[in-house]
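Me: I would like to learn how to read surface patches, pockets and cavities in a model. Could you take me through them one at a time?

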Amino acid sequence: FGKGPAETLEAPRVILSGGVMGTIPLLLAMKERNDGLPLLSSRLGQLVRTNSEALIGVVAPDHEEDFHEGVAITSILHTDEHSHIEPVRYGSGSDFFRFLMGPHAPGRWAISRVARSFGSLITNPRLWAKVYTMNRQRYSERAQVLLYMRALEGTMRLELGRSIMTGYRRGLVSRVDDPANAPQAFMEDATALANRFAQKVNGVVASLFAETILGAPSTAHILGGACMGAGPGEGVIDHRHQVFGYDGLYVIDGSAVSANPGVNPSLTITALAERAMSHISTRAS
């Protein structure tokens, strides 16, 4: 961590709870080192999930309703047996999202998505100009994020490698092993609901640039990568969250979640953590 001499700390148990984006890169790096954790399961980084969700913004510069007042999430609309959508409020001054977004433009090919994005800008130039020029406080008052989630499968893999996203330096990259079972950036039901909402409030529909340019899905609830299994050939941790091959090392966070719950996973992660703690003796080792 610094330029001083290395320090060694010993503990009978170590718990990793850095979330997928903290725990998985650390374990992947340690697996590569002979003096690290080379015996980690080859399943590490696999079965990563996005909670099968879409984050779509609706911004209505001319609407009189103040969207930012009140509890962040107040309602859930169940659209079918495995899907629902939640309107999400953000506090005054929360406007960074607008610098990461553009017109929502679903489509299979990048060129068609970019064309549809420019088409939206040309069709509604006045509204889009207001979206990008509103002051910070007013933006949160006129913007709503629609969080659409599904309890359907869709997996990818995280590993250490090089890509254009890492500047071709070694870093964390994602891979899709089965395109037919990959997380989706665009879902027709989510788009249809966002369009209906926008029509009601005379607004525009927006999504992140990464979705338009790359067709890559976005998520606020990334899960998996160190899932449970009967042994190291099936998973990274056992039913007590202990890492196979390393007694006393535990993974207790969203990395252990092995399915898309289709809802905010915080309570699921909390329940798993409490259950894992029940397997650890309170006696001093």
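Reply: Let us start with patches, which are made of residues with over 30% relative accessible area and no salt bridge, nonpolar side chains being joined within 5 Å. Please keep in mind throughout that this is a predicted model.

Me: Which residues form a nonpolar patch on the surface here?

Reply: The patch is formed by Tyr132, Ile164, Met165, Tyr168, Phe209, Ile213 and Leu214, which together have about 780 Å² of accessible area. Helix 6, residues 209–214, contributes the largest share of this patch, namely three residues.

Me: Is Tyr168 buried or exposed?

Reply: A residue counts as exposed when its relative accessible area is over 50%. Tyr168 has 54% relative accessibility and therefore counts as exposed; it sits in the loop between strand 8 (155–161) and strand 9 (171–175).

Me: How should I read the largest pocket, and which elements supply its lining?

Reply: A pocket is an open set of grid points, whereas from a cavity the probe cannot get out. The largest pocket here holds about 1000 Å³ of space, and among its 32 lining residues Met156, Ser174, Gly215, Ala216 and Pro217 are the closest to its centre. Strand 8, strand 9 and helix 6 each supply at least two lining residues, with the largest share, four residues, coming from strand 9.

Me: What lines the largest cavity?

Reply: The structure holds one cavity of 30 Å³ or more, and the largest cavity has a volume of about 40 Å³. Its lining consists of Arg43, Gln46, Leu47, Gly225, Cys227, Glu234, Gly235 and Val236, which divide into three nonpolar, three polar and two charged residues.

How values were computed:
Residues numbered from 1 in each chain as written. Predicted model: local features only at pLDDT ≥ 70, side-chain atom pairs only at ≥ 80, totals over all residues. Heavy atoms only, no water. 1 Å grid on protein atoms, 1.4 Å probe; cavity = no way out; pocket = protein on both sides within 12 Å on 5 of 7 lines; lining within 4 Å. Points joined across faces, edges and corners; volume = space filled by probe spheres on them. Nonpolar A, V, L, I, M, F, W, Y, C, P; charged D, E, K, R; others polar. Patch = residues over 30% accessible without salt bridge, like charges linked within 9 Å, V, L, I, M, F, W, Y side chains within 5 Å. Areas by Shrake-Rupley, 256 points an atom, 1.4 Å probe, with all protein chains shown as cover. Salt bridge = Lys/Arg side-chain N within 4 Å of Asp/Glu carboxyl O. Buried < 20%, exposed > 50% of the residue type's maximum accessible area, 1.4 Å probe, protein only.
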